[in-house]
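Hi,

Here is the structure I said I would pass on. Have a look at it first, and my notes on what turned up follow below.

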Amino acid sequence: MPNHAKSGSARSRVPWRNPLLRSLGLLLLFGGALAAQSMHAVGNIFKPLATPAEEVSDLSILTLAICATIFVVVGGLMAYAVIRFGYRHGDSAAEPPQVYGSRQVEIAWTVVPILIVFVLTMATARVDSAVQDHRMPADALKITVIGHQWWWEFRYTDLNIVTANEIHVPLSSIAKPRLTELTLKSADVAHGFWVPQLAGKTDVIPGRTNHMWIDPKELGIYLGNCSEYCGTQHARMELRVIVDSDEDFAKWVANQQTPSAKAAEGSTDISSAFTASACIACHTVGGTRARGKMGPDLTHLMSRETIAAMETPNNAENLREWIKDPQKMKPGNKMPAVKISDAQLDRMVAYLTTLQ
Ligand code: CUA
């Protein structure tokens, strides 16, 4: 949880009393912490880094510009009228001359809004079709995204890779476009897939398949979140899109496709701590008897930077705390605490940390 930790400790050092200034300060510190890690902030919808997000951003700027112009014109005229024609001391108390109806004015304030709405409708339709009807090239990377309460399952259709909460995708450039096509499904309730700097929100609906695509134009980690209220831990249904160079992506794929070391060994002492536990009813570790499908696939658990679909670093300490009492770290989540001794827990964590 490096970002949260940084802004958290910053909070205690900021001496300002004014809540607005304090929020602004925190925002700057938060932004600084993010920049330092070359991480793309969750909320930065005005810095799109993929075509679908750019299209949406351009449309929102056009809409904002039109609305701002209307605000300035209407507000300006009102302010002018109030200041110029307002009651002044010594004015006569009699009513001013009353004006009823003006054909020109009526036509103007009917036609102008219709034109504005027409322009916005056409611009929206253009962006909608440009994003949704975009033809996928044959070499597009295909990932099926399955929303669960409260984590994300990712299946690389053609690569035989299953992972959770973090996806790796290749960098796209004008010289070498690399598109990633996402097929969105839900295992339970409605969720929303949203990585603000890559694309607009897309609903993830039970019994329905939705599609979207991304072509990230900068290397780095893009943070996203579920954007549709889906229950207790909706806010902790976070995800990361890690955009790799071609070389790094190929390395990642090769590692994911190789059985993780200890899993291949099968029946070592520490692996039995896991493979003989109740955990295997919900989790899969490729090459072992653990083939559960309810929870995240753990075959390459340690290749992920975070756990539990939260910004919690994936390390032995946090894994131990998580397994000991999942409800403490993420109340309401579907993972039960397994009743095991501390010694067993140590062996289980030792095993899990071998799953590179
Ligand atoms: Cu899933 Cu909100």
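**What I found**

Ser-341 counts as partly exposed, since its relative accessibility is 36%. Keep in mind as you read that this is a predicted model. You'll find Ser-341 in the loop between α9 (326-329) and α10. Its C-alpha atom is separated by 9.5 Å from that of Lys-324, although the two residues are 17 apart along the chain.

Helix α8 (residues 316-324) packs against helix α10 (residues 342-352) at an angle of about 130°, and their axes are 10 Å apart. That angle makes α8 oblique to α10, and the crossing of the two is right-handed. On the α8 side, the contact is made by Ala-316, Leu-319, Arg-320, Ile-323 and Lys-324. On the α10 side, Asp-342, Leu-345, Asp-346, Met-348, Val-349 and Leu-352 take part. Sorted by class, this contact of α8 with α10 has seven nonpolar and four charged residues, with no polar ones.

The other pair to look at is α3 and α4. Helix α3 runs over residues 51-85, and helix α4 covers residues 103-132. Their axes come within 9 Å and cross at roughly 170°, which makes α3 roughly antiparallel to α4. From α3, the contact takes in Pro-52, Glu-55, Val-56, Leu-59, Leu-62, Thr-63, Ile-66 and Ile-70. From α4 come Ile-116, Val-119, Leu-120, Ala-123, Thr-124, Arg-126, Val-127, Ala-130 and Val-131. By class, that gives 13 nonpolar, two polar and two charged residues in the contact of α3 with α4.

Setting aside neighbours within four places in sequence, Glu-55 is in contact with Arg-126, Val-127, Ala-130 and Val-131.

Finally, some totals for the whole protein. There are 10 helices and 13 strands. Of the 356 residues, 40% are buried. The accessible surface comes to about 20,100 Å², and carbon and sulfur atoms account for 63% of that. Among contacts with a separation of 6 or more, 63% are between residues 24 or more positions apart.

Over to you!

Note on methods. Residues numbered from 1 in each chain as written. Predicted model: local features only at pLDDT ≥ 70, side-chain atom pairs only at ≥ 80, totals over all residues. Heavy atoms only, no water. Axes fitted to C-alpha atoms, helices over the stretch in contact; angles between N-to-C directions. Helix = DSSP H or I, 4+ residues; strand = E, 2+ residues; numbered from the N terminus. Parallel < 35°, antiparallel > 145°, perpendicular 65-115°, else oblique. Left-handed = near helix turned anticlockwise from the far one by under 90°. Contact = heavy atoms within 4.5 Å. Nonpolar A, V, L, I, M, F, W, Y, C, P; charged D, E, K, R; others polar. Buried < 20%, exposed > 50% of the residue type's maximum accessible area, 1.4 Å probe, protein only. Areas by Shrake-Rupley, 256 points an atom, 1.4 Å probe, with all protein chains shown as cover.
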